[in-house]
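Colleague: I've got some questions about how the labels on this model were assigned. Could you take me through them?

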Amino acid sequence: MGRNKKQNPFAARKRQKRENGPERPDRRALPYEEIKRDNAFFIKYYHLQKICESEEEWTQFLDSIRDNLPTTFRVTGFKDEAKALLAIIETQLFTEYVRAVAELHQKAPEDVERPLCLPWYPNGLAYQLHLTRKDIRRSEPLYRLHNFLIVETTAGGISRQEAVSMIPPIVLDVRPTDKVLDMCAAPGSKTAQLIEALHAAPEEHKIPPGFVLANDVDNNRCYMLVHQAKRLNSPCLLVTNHDSSAFPNLLVTQEDGSRGILKFDKILCDVPCSGDGTLRKNPDIWLKWNLAQAYNLHGIQYRIVRRGAEMLEVGGRLVYSTCSLNPIENEAVLQRILKEADGALELVDAGHLVPGLKYKPGMTDWKLATKEVDQIFTSFEEVPESLHTIIRPGMFPLPAEEISKIGLEKCIRVLPHLQDSGGFFVAVLEKRRQLSFEKNDVVALVELNEKAKQPDQAAEPQLDEEGKPIEEKSVPWGPQRKKRRLHGYKEDPYVFFGENDADYEAIKEFYQLDESLSQRCLLTRCITEKKKNIYYCSDLIRDLVLNNEHHIKIINTGVKTFVRCENRHTVHPFRLAQEGLQTSNAFMGANRRIQVEREDLVMMLNCTDPTQPPSTHELKKETQERCKELGVGSCILKYVDERFTLYTVGWRGTSSLRAYVHKDETIHILRLLGADLSKFETNKYEEARAAAAAAAEAAAEAGKDVSAEAGAESESSGEGAIAAEKTTTPMDTEEAATKS
């Protein structure tokens, strides 16, 4: 008799469906149906709110929000080569753009509309293309543009981001000395902007004195956030995973050595919302939009901005933003927190920070309605009792005399038709004094932190009815599947270097590190004597981690600076990491540096086979002379141009010199050097055609083989029949006839 194995319920359900009837057709095999961009409730509700001043403008609004969203991108401004990349974009890329769009739309090049430089983005670093994401991804004439956007985004040269999404970080007005909190940071495009602003003055600070703490409640989205922010390689970033509405007070070490509660200079509250401002980008919202979403989100939006206001330093700035057009999620939330703050918070006008941006002032009057927008309410008294748990008094506008004191007209409302963008809402708050409901109990927080540091005590054994200990169920032998926790997996520890660390002393001697580089800020992510990857973070980030790692989940921090790389020729076991070079470069001595010429750097970057690095004899004489002074191991390659200075990680072999750079960054540097990129240019359409042709040819060859095999079989069967006929005797024939 076989074992009674526990059946997999999912497999059983799948088997039962298969037995009950035919499976549904695969939706991927069906033609794509265009989403109908219409929603009667949406149109009725926003027409009722009078978000447009006239019927003519309302028609423009509807036409615009039903259209696809144009593509926008911005150049990473703090990098030394930003101006050079911008010049390449404005000349070479846009020339190719005009040619490709002319071919795509069958137009003359002079009739093609050139990309628009966003007038309100600082230093002219952002552009809007008159193409949708779908156009760029699916049109062969635009494949070079598509390749450029992918490569430069990965290399950190540009960021693809919706235009209106760039507004909140600009009006937050971040300085390199600011302590910044991004409360709802994922997927990370705004966080990247905050990091750029933090690093905006590299000539003043080797490492910015401030930092960005990026938080998100969703564990999976936190890793998207890390991926987005890691392109900028900042040692001043800390990523946490916590509910923003209940974000804990954090401890910091003060100048006198005592511990205090951290207050932030700048806070961004880009809260979860219904997202109806993104209808141009996400047309599926047309199918599911209803007012219940706004009613459900109002409470959490208020709690997030309230918690943000508590953590804000007096004199600090908080930006509240949503990609929604609904006053229930915007003005209603703000009037509620401003009323409760009782003068401690003030709305300020930030229009001067985005000159050239077209927007409308905040609303001071709005109406509420049922989910189907068939009943309209102007006050809470009109709301039926059955809806009292959904529609709350605080969602209605305050009386006219009260709302006029708040100044809601200072808010920024961006509508799609004003400048061919998405919809967005932004408000800027400043803190004038401490809030009455603010909690700053340092003693209790320190006690809680010390308690969290203590190891868990062994749990008392559970007893049954007779008072005997209950035995734990045995676990099958062998490796067990990693159990997923409620809030994601447990993160690896953050192990900082101690005093007199042997690895640090060896690194310091080999690279002649500056004394200003604090070894305390170097860390690894595992407890082992043989370190693999070494990361670096700023002093403030280190202090935050050590004081708070036991009561808030830290997802990521530090930038990779050194990597273990041992082989028989190396004198030192650690090489430099390209990711951390913009930080570590400032602390490196002269002994591991080598200045190279343009032709040398181009040759090294074009060498994609690591087993065949360029020989030093192929380099220019000046570079060869410098190589003689450089021993085997990791080094910094320096190239000086009249427009910028480039630093890349290199490797000096016994008789070779190569660049140690990722493929996308290789293309980025070659583009800056004006080198030929045809070797790296891929046309996915040509590759697909070649693959299809190869498959067809293989199928044809297979068909020929099958036909030849079938012919051979029929021929052999015919020969067999003839042979059988020849071997049949007259007696056999006669006997067969008699039997029949």
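Predicted model: local features only at pLDDT ≥ 70, side-chain atom pairs only at ≥ 80, totals over all residues.

Colleague: Why is Asp-270 called buried?

Modeller: Buried means under 20% relative accessible area. Asp-270 has 16% relative accessibility, so Asp-270 counts as buried.

Colleague: And what makes the pairing of the Asp-270 and Lys-190 side chains a polar contact?

Modeller: The cut-off for a pair of N or O atoms is 3.5 Å, with one able to donate a hydrogen and the other to accept it. The side chains of Asp-270 and Lys-190 are listed at 3.1 Å, so the pair counts as a polar contact.

Colleague: Which residues does the UniProt "binding site" annotation cover?

Modeller: According to the unreviewed UniProt entry, the annotation covers Cys-184, Ala-185, Ala-186, Pro-187, Gly-188, Ser-189, Lys-190, Asp-216, Asp-243 and Asp-270.

Colleague: Which side chain does the side chain of Asn-249 join in a polar contact?

Modeller: That of Arg-307, at 2.8 Å. A polar atom of the Asn-249 side chain also lies 3.0 Å from the backbone oxygen of Lys-439. Other residues touched by Asn-249 include Ile-261, Met-311, Leu-445 and His-551.

Colleague: How do you know that Thr-561 is buried?

Modeller: The relative accessible area of Thr-561 is 4%, and buried means under 20%, so Thr-561 gets that label. Thr-561 is found in strand E22, residues 559-564. The Thr-561 side chain reaches the backbone oxygen of Val-559 at 2.9 Å.

Colleague: How far apart are Thr-561 and Thr-583?

Modeller: In sequence, 22 residues; in space, 8.1 Å from C-alpha to C-alpha. Among the residues Thr-561 touches are Tyr-535, Arg-575 and Ser-584.

Colleague: Now the helices. How do you describe two packed helices?

Modeller: By the angle between their axes and the distance between the axes. For H2 (residues 40-49) and H3 (residues 55-65), the axes come within 12 Å and cross at roughly 145 degrees. That crossing is right-handed.

Colleague: Which residues of H2 and H3 meet?

Modeller: Phe-42, Ile-43, Tyr-46 and His-47 in H2 meet Glu-55, Trp-58, Phe-61, Leu-62 and Ile-65 in H3. By class, that contact has seven nonpolar, one polar and one charged residues.

Colleague: And what does the chain's secondary structure come to?

Modeller: There are 23 helices and 27 strands. Buried residues make up 50% of the 740 residues in the chain.

Notes:
Residues numbered from 1 in each chain as written. Heavy atoms only, no water. UniProt positions renumbered as here; feature names shortened; annotations may be inferred. Buried < 20%, exposed > 50% of the residue type's maximum accessible area, 1.4 Å probe, protein only. Axes fitted to C-alpha atoms, helices over the stretch in contact; angles between N-to-C directions. Helix = DSSP H or I, 4+ residues; strand = E, 2+ residues; numbered from the N terminus. Left-handed = near helix turned anticlockwise from the far one by under 90°. Contact = heavy atoms within 4.5 Å. Nonpolar A, V, L, I, M, F, W, Y, C, P; charged D, E, K, R; others polar. Lists of a residue's contacts leave out its neighbours within four places in sequence.
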